[in-house]
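The following exercises are meant to be worked through with the sequence and the model open side by side. Each task is followed by a solution in steps.

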Protein chains: 4
Amino acid sequence: VLTAAAYRESLHDGRQVQYAGRMVADVSSEPAFQPAVEWTARGYAEHYDAQPGAVGPYFQIPRSVDQLRSFEARLKGWDMATIATAQGLLMAVTAASRMRDRYPVYAERALAYFEDIGRRDIRCAMAITDAKGNRSLSPGAQPDADHYVRITQTRASGVVIRGAKMHITSAVNGHELIVMPTKRMKPGEEAWAFAGAVPVNAPGVKIVATSVAQDDPDPDRYPYSSAHAVPEAMVIFDDVFVPAERVFLGGEVEHSGTWAHSLGMWERLGNLGHLIDVAHALVGLADLIAEANGLSRFAHVREKIGNMAIYATMLTAALDAAITNADVSPEGYVSPSELFTNAGKFHAAEHFHAVIRDLHDIAGGAVLTAPSIKDLSNPDVGAYVEKYMRTMAGISGEYRMRLFHAIRDLTADAYAGWLTFTILLGGGGLHAQRAVTLKHYDMDTARRLALEVTGVTAC
Amino acid sequence: VLTAAAYRESLHDGRQVQYAGRMVADVSSEPAFQPAVEWTARGYAEHYDAQPGAVGPYFQIPRSVDQLRSFEARLKGWDMATIATAQGLLMAVTAASRMRDRYPVYAERALAYFEDIGRRDIRCAMAITDAKGNRSLSPGAQPDADHYVRITQTRASGVVIRGAKMHITSAVNGHELIVMPTKRMKPGEEAWAFAGAVPVNAPGVKIVATSVAQDDPDPDRYPYSSAHAVPEAMVIFDDVFVPAERVFLGGEVEHSGTWAHSLGMWERLGNLGHLIDVAHALVGLADLIAEANGLSRFAHVREKIGNMAIYATMLTAALDAAITNADVSPEGYVSPSELFTNAGKFHAAEHFHAVIRDLHDIAGGAVLTAPSIKDLSNPDVGAYVEKYMRTMAGISGEYRMRLFHAIRDLTADAYAGWLTFTILLGGGGLHAQRAVTLKHYDMDTARRLALEVTGVTAC
Amino acid sequence: VLTAAAYRESLHDGRQVQYAGRMVADVSSEPAFQPAVEWTARGYAEHYDAQPGAVGPYFQIPRSVDQLRSFEARLKGWDMATIATAQGLLMAVTAASRMRDRYPVYAERALAYFEDIGRRDIRCAMAITDAKGNRSLSPGAQPDADHYVRITQTRASGVVIRGAKMHITSAVNGHELIVMPTKRMKPGEEAWAFAGAVPVNAPGVKIVATSVAQDDPDPDRYPYSSAHAVPEAMVIFDDVFVPAERVFLGGEVEHSGTWAHSLGMWERLGNLGHLIDVAHALVGLADLIAEANGLSRFAHVREKIGNMAIYATMLTAALDAAITNADVSPEGYVSPSELFTNAGKFHAAEHFHAVIRDLHDIAGGAVLTAPSIKDLSNPDVGAYVEKYMRTMAGISGEYRMRLFHAIRDLTADAYAGWLTFTILLGGGGLHAQRAVTLKHYDMDTARRLALEVTGVTAC
Amino acid sequence: VLTAAAYRESLHDGRQVQYAGRMVADVSSEPAFQPAVEWTARGYAEHYDAQPGAVGPYFQIPRSVDQLRSFEARLKGWDMATIATAQGLLMAVTAASRMRDRYPVYAERALAYFEDIGRRDIRCAMAITDAKGNRSLSPGAQPDADHYVRITQTRASGVVIRGAKMHITSAVNGHELIVMPTKRMKPGEEAWAFAGAVPVNAPGVKIVATSVAQDDPDPDRYPYSSAHAVPEAMVIFDDVFVPAERVFLGGEVEHSGTWAHSLGMWERLGNLGHLIDVAHALVGLADLIAEANGLSRFAHVREKIGNMAIYATMLTAALDAAITNADVSPEGYVSPSELFTNAGKFHAAEHFHAVIRDLHDIAGGAVLTAPSIKDLSNPDVGAYVEKYMRTMAGISGEYRMRLFHAIRDLTADAYAGWLTFTILLGGGGLHAQRAVTLKHYDMDTARRLALEVTGVTAC
């Protein structure tokens with residue numbers, strides 16, 4: 001288990017990171033990456049354990065419903081890179097379990113990887129979404145064969161891969177990339193059926209980062225994102241060698257979907273848990289700002305807060321049911337019910353915009369037009385700003401302004417855009433989430449109930 | 001435990017039932033009441049137990065989460081009168097528990113009543129909603145003091161009550177009415193703070209029934225409602241005497257809300273369970289009719305079925321979470337979480353209309369214009385009807401017509417109106433359900449999370 | 001122009017109508033058809049004009065925006081059979097205009113038909129929707145070639161057709177059927193590209209009727225539907241001969257879509273106008289019942305009425321814009337903008353269910369459980385019913401009960417099912433309405449605006 | 001009519017503008033204000049007319065429906081400061097018309113002001129929303145009497161005012177503030193019933209600005225907002241003297257609501273027109289990005305684009321109907337129908353979030369994670385970025401990236417927050433817009449239609 005300082009030092013490993021048109025010399029001191037690096041560093045500090053052989057609590061496979069419930073509860077408190085690492089490794093273990101019968105070698109490699117990462121206490125990012133080219137064509141039919149990551153050479157010692165992956169959270173501030181197919185490949189598309197692990201500093205890996213963090217984020221103006229914004233990246237694999245022991249899938253198209261499915265399950269669990277906390281925080285912000293504005297007893301305000309609370313409660317119910325009704329693998333690994341996690345995820349995405357609308361309607365325009373906290377100490381106008389932003393005894397101007405800035409940061413500024421997309425598209429967009437739910441829905445029972453109602457015994 | 005025949009006979013007890021402007025001489029043979037009477041009779045037949053001292057499985061107080069889960073699972077299979085009886089008695093026990101400290105006599109009477117009903121194996125209907133008069137005035141301020149049921153005389157042996165209760169399901173085909181205040185009464189409104197049990201044939205009780213059942217329901221045209229439509233009633237209490245041992249609240253305004261709250265909890269659990277079955281049946285009908293129409297692979301049809309399945313799944317999650325997170329009373333009675341049952345109930349009511357719209361959009365206009373099943377045996381046109389209503393091998397015209405009739409009966413005819421209202425207003429309408437959810441929502445935690453996001457330590 | 005009596009007499013023309021498994025001997029006296037026959041008769045009575053050569057005002061082609069506006073305003077006051085006739089003939093004229101260049105003979109026949117119907121002052125029903133068989137197969141690919149109406153023989157004097165049409169409103173109480181293809185046919189499907197006019201009593205025409213009217217509708221219980229419910233029918237064409245002068249399309253597949261498109265335009269205009277009246281009536285019912293319940297000043301009730309009023313207003317805006325932005329044909333025929341009528345129709349269908357939910361939430365459960373009006377004159381309970389259903393000075397029990405019954409009849413009973421389907425599916429269902437709107441939407445301008453925003457000059 | 005240079009120069013007038021905690025020395029060169037200053041300057045350049053006595057086309061009172069239609073069409077092309085000026089002056093004229101009977105002096109002053117502004121060709125900002133303090137207390141009941149702007153002294157030559165106004169768009173880059181009460185005042189609140197005009201550089205006026213523009217906005221990253229972001233401001237009136245000829249209301253509480261109502265009408269017209277352009281641009285972006293992604297033919301993508309097009313079309317219909325059904329004042333001033341503008345505005349706000357969600361779902365995560373345009377010219381990775389961001393022949397990586405950046409700028413970044421709030425709260429929030437619609441809705445007709453349906457002739 002590393003210290004925070006060792007973690008920061010570990011980022012000086014020769015990784016090639018580009019940002020805003022230029023090469024980043026030092027990832028750990030680039031202002032736009034600071035929120036993510038420092039969040040991860042706080043996570044290391046918190047879990048630091050000097051005992052030899054200590055392993056972080058995030059390297060764990062739940063083996064009962066109770067363990068799963070407790071895992072989910074703790075996961076919410078971790079930094080995003082650690083959450084991604086925990087999810088990614090559980091995904092690897094789950095996928096390994098599903099491939100064990102036909103491909104025991106991949107299962108062994110995945111488990112060995114799980115152990116190795118735990119021993120080194122490093123952080124992994126998931127690399128899933130390909131460049132994709134023309135969405136109406138399958139990987140093998142793209143004019144540019146590299147639009148999905150593919151194996152360009154197979155050697156005895158490993159394979160060489162080429163392509164690009166999109167939307168990689170924590171590539172900049174993590175250590176390894178777990179690469180996997182974005183979708184099921186068909187026979188003939190063996191070259192694109194690749195999964196494996198690649199260090200971010202491997203030769204040929206090029207990271208092009210973006211960030212919703214400001215170049216010099218002011219915590220007064222960005223109370224949440226200045227400590228939590230994470231960079232995203234496009235990662236280019238320019239003929240990167242992957243040694244055999246890090247190849248988890250090498251052309252077996254029938255298992256190309258196994259990885260994304262396995263990830264989906266764990267990723268949506270983490271997402272849903274995080275979202276529930278976001279949802280509760282939004283309810284709380286609505287309640288606090290209603291109180292600060294003197295609106296707490298207005299009927300239409302109570303209604304909106306009630307709707308928001310019901311949203312948060314329904315998400316909580318979905319997660320709770322996903323855990324209570326967990327699936328168990330032959331090895332005894334316990335994973336959340338796909339039916340309930342997907343339905344919950346869909347519900348979250350479907351209605352999130354309405355929740356934001358309700359919060360904005362309660363809070364009012366000062367979310368955007370509240371003066372900056374710095375204006376409070378401006379000798380020319382500071383006292384006026386305080387005077388006019390306060391509303392009643394116990395609600396100072398500064399306190400109310402901080403609420404407005406927090407609401408703006410979370411729901412109406414650059415970070416809000418990132419959050420909205422994560423909620424909407426994490427797990428694949430409404431269409432994909434609906435389809436996965438339907439796949440796990442017990443349609444036979446529904447049809448049987450329908451026939452009973454109809455009074456028909458058979459079709 | 002009674003036989004079905006004994007149950008039918010028990011309805012000849014002198015009850016005064018009016019229907020469509022006339023007195024009903026024999027409740028058990030009145031065509032519009034047949035579906036309800038026979039449904040209840042089937043329930044008696046199913047549970048009949050000749051053993052002396054046998055008690056129906058519906059007279060039970062869950063004492064663990066597992067017992068609650070199993071109780072809920074079985075409850076869904078019972079007839080509506082039995083469900084209401086089980087819920088009503090659990091309500092009485094719950095309310096008794098909550099009043100025990102200050103009013104042990106009421107707690108004892110309620111428990112004695114629970115035992116007595118079990119021993120006699122009879123059915124109870126809940127009498128809650130008052131006539132209400134002008135909704136903007138409280139009970140004590142109504143020009144007509146009888147617009148909420150009230151005590152007009154108090155005697156040593158009991159009390160006399162007057163007023164009317166609305167929307168009483170199963171009054172016609174049950175045996176006793178559990179009467180309770182529809183809302184919290186204020187000091188000065190002691191006369192309206194009454195709860196107690198009254199047989200439907202007590203002197204002064206007058207039942208004015210309505211029904212969505214047809215006067216002579218054709219099972220081919222009404223495949224579901226011909227066996228499940230239940231009459232509703234307005235029940236008039238024209239100075240009815242209630243003996244002291246059946247009075248559960250006699251003027252103690254501070255407990256006037258306890259009854260409705262206790263009922264709400266159990267009623268919404270039963271409602272939600274029933275609704276989940278309805279929701280699954282609607283998904284099944286959508287899937288079957290899409291298949292019968294040859295639409296199964298159309299993207300927009302898959303989307304609608306997916307939306308419906310997610311609706312059903314979210315309700316299931318809410319119920320599951322309500323049970324997993326059950327409340328426990330000091331006596332060890334285990335009851336569903338009010339937060340989750342209410343949120344689930346609200347969600348069901350909020351989105352039910354959209355579910356129906358999706359089903360209708362998939363099924364198409366033949367839901368209303370499909371010829372009758374009788375037309376199939378009409379020598380002039382029967383063969384044509386079969387020919388033109390069938391769509392492909394394996395989907396006969398008759399089968400498809402029966403699906404249409406079932407969809408119409410459940411979602412676009414007289415019974416559908418009743419079902420829609422039950423879902424929307426059972427538990428008090430969207431406004432009330434939202435308010436109850438909010439009351440049980442953990443706002444302190446939400447505010448704490450919001451303050452963390454805001455970076456403010458105290459208000 | 002006929003008298004009401006002449007109209008009723010005209011129905012004794014040998015038509016073959018089946019209903020509920022039996023042949024109907026006399027359409028004009030069959031109880032379930034009475035509401036429609038008498039509504040149409042009232043229309044005849046209202047427009048009767050003894051002047052020789054007089055022509056009903058519904059036989060008219062608008063030639064300016066003002067004429068179109070005035071036509072639409074008057075149309076809303078007509079009975080449904082007359083509205084369908086006016087729309088059907090305008091459709092024929094519009095389709096004729098569109099086919100004139102290549103097929104002048106059809107244009108002439110359609111215009112001659114228009115004149116002839118006007119002279120005879122009879123009523124036409126539109127016969128569009130085919131039996132359709134398996135929706136995933138096109139007409140020519142169905143195992144049963146008759147699943148779409150087709151020409152089975154072509155003779156010098158005309159053609160013979162076979163098949164069935166569904167959802168034909170007013171076939172029972174009208175005189176002629178205007179038959180047209182339900183969709184665009186492809187080359188090779190010439191036999192199914194048929195449009196023409198057929199009297200309902202032509203040999204081989206068999207009508208299988210359904211109705212949402214009660215067998216003996218009680219105006220107290222069904223205040224609206226007892227005077228306005230219209231029968232629907234499946235019409236079977238069992239090798240029916242159509243003389244050449246009544247054939248408007250006979251195999252020209254490139255114009256097979258012209259008819260449905262032309263009808264769509266006029267039908268959606270009529271539907272939208274009718275719907276707007278329904279929407280305003282629902283707002284009015286919400287306001288009246290809120291007042292009668294004493295709820296007028298409750299904030300959540302004001303909100304729901306406001307939402308309903310906005311719904312009605314947006315529909316009004318769509319119709320108004322459709323007229324203001326009317327299209328003009330080369331002949332100077334003025335027809336409503338397809339963009340706005342379709343968008344309005346979609347909006348109406350998309351949100352109708354939510355409007356009903358709001359009305360139900362305001363009105364409360366007495367919509368379904370209010371005693372019958374007959375119970376008011378029941379000597380045993382009449383006075384009690386009046387006492388408990390009244391709410392305040394000026395709101396009698398009877399008045400309030402009549403509001404409840406009207407709301408039930410329109411929104412929660414058999415007629416409500418019909419109305420809901422008409423709103424949802426009239427014009428082809430949400431999917432079709434969306435597609436038609438998109439087809440008429442000015443996407444080029446939208447893309448140009450988007451490129452301006454993007455700062456890109458060309459793709 | 002001023003030149004662009006003269007306009008820029010006019011901003012050096014001693015105004016006191018604070019931003020981000022410091023005094024702004026030169027408004028016209030402050031980076032965050034550049035987009036607004038230059039947009040306004042472009043407007044001046046476009047309308048410059050060297051003719052003596054020339055008056056800008058935005059200083060105009062529509063006197064017919066056609067003039068109103070043409071005014072609205074041109075207004076959409078103007079910069080925001082000019083739009084606000086045109087709306088503000090029309091509001092003043094409308095309010096003057098409504099006060100003329102009792103207070104002709106105010107009407108004359110308002111008209112003289114209209115003329116004067118036109119002659120000087122300057123720009124006005126509306127100052128409406130007060131600090132408000134505790135929303136549950138009225139202006140006169142606030143602990144701090146200054147929480148609503150009020151008259152602190154009345155002199156023969158004018159009045160002195162104190163307080164603060166919020167959300168003032170274009171205060172920084174305009175010339176005068178039209179100050180008016182935010183709501184109706186009650187008797188006893190005469191001091192708060194003030195309307196008048198105040199130059200932004202009047203002694204005692206202090207402007208505290210905020211901006212969603214970046215400090216140095218990059219047009220490649222912010223293609224729209226870098227040219228269109230406008231600063232907002234809180235404006236403090238620290239005992240500011242207003243000469244009598246610029247006082248338009250001075251204590252007459254019965255007209256305190258007239259100003260906000262008059263403004264509402266014109267503001268919502270301008271908003272709605274602007275929103276329609278935004279809506280069309282969003283549809284266009286959805287269509288372009290669907291095409292660029294290869295998704296154009298996917299059914300669920302067509303559906304979402306269809307929904308977006310219907311949204312844009314319904315807003316267009318509302319605006320069109322508002323103009324067609326315009327109101328006319330006694331003086332012949334023609335103004336848009338309040339019923340339709342409000343309903344349209346409500347609809348826009350109610351559904352905007354869903355439109356954004358649909359666009360995001362189509363566009364995908366690259367909206368946020370697309371590399372910057374600068375990365376294209378990065379020698380290390382530029383060619384890779386182009387290679388992997390392109391999708392097919394004709395869709396270059398750069399073009400597609402520019403679409404993503406435009407979508408992010410408009411819908412998922414700082415400017416998007418501002419736009420969302422403007423749409424939601426411009427015109428007062430959903431609650432206020434609903435209430436205003438209801439006020440103008442013809443409820444009498446709706447109730448009459450409802451009674452007809454009910455078959456009751458009078459209540």
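**Exercise 1: A sheet in chain B**

In chain B, strand 3 and strand 6 (residues 176-179) run parallel and are joined by 4 bridges. This is a predicted model, in which local features need pLDDT of at least 70, side-chain atom pairs count only at pLDDT 80 or more, and totals for chains, interfaces and linings use all residues. Residues are numbered from 1 along each chain as its sequence is written, chains are lettered from A and ligands numbered from 1 in the order in which they are written, and side-chain values use heavy atoms, with hydrogens and water left out.

Task: Determine which strands of chain B stand at the edges of the sheet.

Solution. 
- Step 1. Helices (H or I, at least four residues) and strands (E, at least two) are DSSP runs, numbered from the N terminus. Two strands pair if DSSP finds at least two bridges between them.
- Step 2. The open sheet of chain B has 4 strands in the order 3-6-7-10, and its pairing is mixed.
- Step 3. Strand 3 (124-127) and strand 10 (247-250) of chain B each have a single partner strand, so one side of each lacks a neighbour in the sheet; these are the edge strands.
- Step 4. From one strand to the next, the twist averages 20°. Angles run from 0 to 180 degrees between N-to-C directions, and axes are lines fitted to C-alpha atoms, for helices over the stretch in contact.
- Step 5. Helix 5 (residues 104-120) of chain B packs on this sheet and touches strand 3, strand 6, strand 7 (194-199) and strand 10 of chain B. The direction of helix 5 makes about 150° with that of strand 10 of chain B. Contact here means heavy atoms within 4.5 Å.
- Step 6. Within the sheet, Cys124(B) has Glu176(B) of strand 6 of chain B opposite.

**Exercise 2: Strand 7 of chain A**

Task: Explain why strand 7 of chain A is largely enclosed by the rest of the structure.

Solution. 
- Step 1. Buried means under 20% relative accessible area, exposed over 50%, and partly exposed in between (1.4 Å probe, protein chains only).
- Step 2. Strand 7 (residues 194-199) of chain A has 6 residues, 5 of them buried, and is therefore largely enclosed.
- Step 3. Strand 6 (residues 176-179) of chain A runs antiparallel to strand 7 of chain A and is joined to it by 4 bridges. Ile178(A) faces Ala197(A) of strand 7 across this pairing.
- Step 4. Strand 10 (residues 247-250) of chain A is also antiparallel to strand 7 of chain A, with 3 bridges. Here Phe194(A) stands opposite Gly250(A).

**Exercise 3: Two helices of chain A**

Task: At what angle do helix 4 and helix 7 of chain A cross, and which residues make the contact?

Solution. 
- Step 1. The axes of helix 4 (residues 80-99) and helix 7 (residues 256-293) of chain A come within 8 Å and cross at roughly 145°.
- Step 2. Residues making the contact include Leu90(A), Met91(A) and Arg98(A) of helix 4 of chain A, and Trp259(A), Trp266(A) and Glu267(A) of helix 7 of chain A.
- Step 3. By class, this contact of helix 4 with helix 7 of chain A has 9 nonpolar, 7 polar and 2 charged residues. Ala, Val, Leu, Ile, Met, Phe, Trp, Tyr, Cys and Pro count as nonpolar, Asp, Glu, Lys and Arg as charged, and the others, Gly among them, as polar.

**Exercise 4: Threonines in their surroundings**

Task: Is Thr437(C) buried or exposed, and which residues is it in contact with?

Solution. 
- Step 1. Thr437(C) belongs to helix 14 (residues 429-440) of chain C.
- Step 2. Its relative accessible area is 0%, so Thr437(C) is buried.
- Step 3. Neighbours within four places in sequence aside, Thr437(C) is in contact with Leu339(C), Asn342(C), Ala343(C) and Ile310(D).

Solution. 
- Step 1. Thr82(B) is buried, its relative accessible area being 0%.
- Step 2. Not counting residues up to four places away in sequence, Thr82(B) touches Tyr58(B) and Arg123(B).
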